[in-house]
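My notes follow in the order I took them.

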Amino acid sequence: MEHAAVPSMTREQILETWVHTYAGAILKTCFIYLADHDLAQDAMQDTFMKAWKYMGNTNHSVIQNEKAWLMRVAMNTCRDYRRTQWFKHIDFKASLDELPPSYVSVPEEDRDLVIEVSNLPDKYKRLVLLYYYSNMTLQDTAEALGIPKSTASKRLKRAEEMLK
């Protein structure tokens, strides 16, 4: 596995490399998950703050797959955001209009699909976001979610059925 960071880099250099390499994918995923541009930016920043804190507590070389690990942190952060009472009042369709096209490259005819993905139960939504919208492999997606690959495959099929 090729990593964006190398062992001889300082914590600051590693974080800067991660931000440069993964910020776009994390922001896109957070936005689709949260359907709010400002919350997505906050979640992305919180993701990198948690990564920074983690690097201070342990040896970062134990991270086998940086993107999968960072996406897992991002998804958990988004899940925490969604638990708030305020979040229950978001209009997903209106929120999709807030994001610049460069963050979510979804053709107009697919906007309803993005809204439907946003409304999936979390265990399916997280899988769809990582696999389809972040272009992760099934193995990396399963690793990011902390589930076996076979479970990820079954959930992905179920999510696809739900979206039909």
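**Entry 1: a partner in a pair**

I started with D122. D122 is partly exposed, with a relative accessible area of 27%. The cut-offs are these: buried means under 20% relative accessible area, exposed means over 50%, and partly exposed lies in between (1.4 Å probe, protein chains only). D122 forms a salt bridge with K125, and the closest N and O atoms are 3.5 Å apart. I count a salt bridge when a side-chain nitrogen of Lys or Arg is within 4 Å of a carboxyl oxygen of Asp or Glu.

Before going on I noted the ground rules. The model is predicted, so local features need pLDDT of at least 70 and side-chain atom pairs count only at pLDDT 80 or more, while totals for chains, interfaces and linings use all residues. Residues are numbered from 1 along each chain as its sequence is written, and side-chain values use heavy atoms, with hydrogens and water left out.

**Entry 2: the whole chain**

I then stepped back to the fold. I found eight helices and zero strands. Helices (H or I, at least four residues) and strands (E, at least two) are DSSP runs, numbered from the N terminus. Read from the N terminus, the elements run α-α-α-α-α-α-α-α. Of the 164 residues in the protein, 46% are buried. I also looked up contact range, with contact meaning heavy atoms within 4.5 Å. Among contacts between residues at least 6 apart in sequence, 67% join residues at least 24 apart.

Is K125 buried or exposed? K125 is buried, at a relative accessible area of 1%. K125 sits in helix 6. Leaving out residues up to four places away in sequence, K125 touches Y33, R82, V117, S118 and L120. An α-helix has 3.6 residues a turn, so residues three or four places apart point the same way.

How many salt bridges does the whole structure hold? My search returned two. Besides D122 with K125, R158 pairs with E161, with the closest N and O atoms 3.8 Å apart. R158 and E161 both belong to helix 8 and are three residues apart, about one turn. R158 is partly exposed, with a relative accessible area of 39%.

I listed the buried residues of helix 6 next. They are Y124, K125, R126, L127, V128, L129, L130 and Y133. I then took the axes, which are lines fitted to C-alpha atoms, for helices over the stretch in contact; angles run from 0 to 180 degrees between N-to-C directions.

Helix 6 (residues 122–133) and helix 7 (residues 138–145) have axes that come within 9 Å and cross at roughly 140°. That makes helix 6 oblique to helix 7. By the cut-offs, angles under 35 degrees are roughly parallel, over 145 roughly antiparallel, 65 to 115 roughly perpendicular, and the rest oblique. The contact uses R126, L127, L130 and Y131 of helix 6 and L138, T141, A144 and L145 of helix 7. By class, I get six nonpolar, one polar and one charged residues. Ala, Val, Leu, Ile, Met, Phe, Trp, Tyr, Cys and Pro count as nonpolar, Asp, Glu, Lys and Arg as charged, and the others, Gly among them, as polar.

**Entry 3: the loop**

I checked N135, in the loop between helix 6 and helix 7. N135 has a positive phi of about 55° although it is not a glycine. N135 is exposed, with a relative accessible area of 64%.

**Entry 4: helix 8**

How do helix 7 and helix 8 cross? The axes of helix 7 and helix 8 (residues 149–163) come within 9 Å and cross at roughly 105°. Helix 7 and helix 8 are therefore roughly perpendicular. L138, Q139 and A142 of helix 7 meet K149, A152, S153 and L156 of helix 8. That contact has four nonpolar, two polar and one charged residues.

Last, I took helix 6 with helix 8. Their axes come within 9 Å and cross at roughly 100°. Helix 6 and helix 8 are therefore roughly perpendicular too. On the helix 6 side I listed K123, Y124, L127, V128, Y131 and Y132; they meet A152, R155, L156, R158, A159, E160 and M162 of helix 8. By class, the contact of helix 6 with helix 8 has nine nonpolar, no polar and four charged residues.
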